[in-house]
Amino acid sequence: QAAGDVSTGFPAALERTIAPRLDGLAERLAAPDAAFLDVGVGVAAMAVEMVRRWPSLRVVGVDPLAASIALARDNVRAAGLADRIELREQGAEDLPDEDRFDLAWVPGVFIPERALPSILERVRRALRPGGWLLLAFAGPGADPLATALARLRTALWGGAQLAPAEFEGLLARSGLVDVTSLPGPPGSTVAMMAGRRPGAASA
C-alpha cells in the first residue's frame, strides 16, 4: 500500500508538465468519454487520483497479482469510485480491448524485458488512434549512487534494464510514432518516454 501511495503525485505532474508536451493529450483527458489504461495498477492509488483530477475520466486498471487487485478494490470502494474505475486481475499482454484508451501507463521498471515487446504492441492496439502511451523506466541520473540503487531496485522487481535508445526502439517497433523522451523531476532516476498510436489516416 505504501509503495502504491508514492504514485499519487504523478497525475499532478501529468497535468502540469507532461500533457502540455504531448499533442492533443490535455484535450483528450478532459473529454466526456476520456479513458485511461493503468498497466500494473497495484493498489489503485494513482487510478483514484486520476479520476479525481479529471471528472469525466474512466480508468481500467490491470494487474496480474491477486493481492494487489484485492487491495485496489478495497481502495476504490472506499473512495466511492467503483463506477469509474474497472479493475482486472490480468496481464497486459492479454488485454482484449481495441481502440478504447486515450492514454496508457506502462511501468517498465516492473516488466521483464522478454515481456515488454508483446505488452507494448498489445497496449498500442488498445489505444484510440492518436492516443498516447507513457513508458516509465530506470534512467541515468546525475548521482551515480542513486542511479545504481535505481537499477538494483529494477533488478529486484524483475523489470527491464535497457538503455534509453533501446526503449525508444521498442516503442517504435510496437507501431508507435512521435516517440519522445520526457523530462523527469530534478534528481529523479525514473525516466519516461512517450509514443503515439498513429491517427486513423496512417494506422
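In the predicted model, seven strands form an open sheet of mixed pairing, ordered β3-β2-β1-β4-β5-β7-β6; strands are DSSP runs of E of at least two residues, and helices are runs of H or I of at least four, both numbered from the N terminus. Two strands count as paired if DSSP finds at least two bridges between them. β3 and β6 (177-182) are the edge strands, each pairing on one side only. Direction ignored, neighbouring strands of this sheet are turned by 15° against each other on average. Strands β5 (residues 127-138) and β7 (residues 190-196) pair in the antiparallel sense over seven bridges, and F137 has A191 of β7 as its bridge partner.

Helix α5 packs on the sheet, touching β2 and β3 (contact: heavy atoms within 4.5 Å), and its direction makes about 165° with that of β3. Angles run from 0 to 180 degrees between N-to-C directions of axes fitted to C-alpha atoms, for helices over the stretch in contact.

The buried residues of α5 are S68, I69, A72 and V76, where buried means under 20% relative accessible area and exposed over 50%, with a 1.4 Å probe and protein chains only. Seen down the axis of α5, the buried residues fall within an arc of 90°, so they line one face of the helix; the arc is taken from directions between the helix axis and the C-beta atoms. These residues pack against α4 (45-53), β2 (58-63) and β3 (85-89). The face turned away from the buried side of α5 carries the exposed residues A67, R77 and A78.

Residues are numbered from 1 along each chain as its sequence is written. Local features need pLDDT of at least 70, side-chain atom pairs count only at pLDDT 80 or more, and totals for chains, interfaces and linings use all residues, while side-chain values use heavy atoms, without hydrogens and water.
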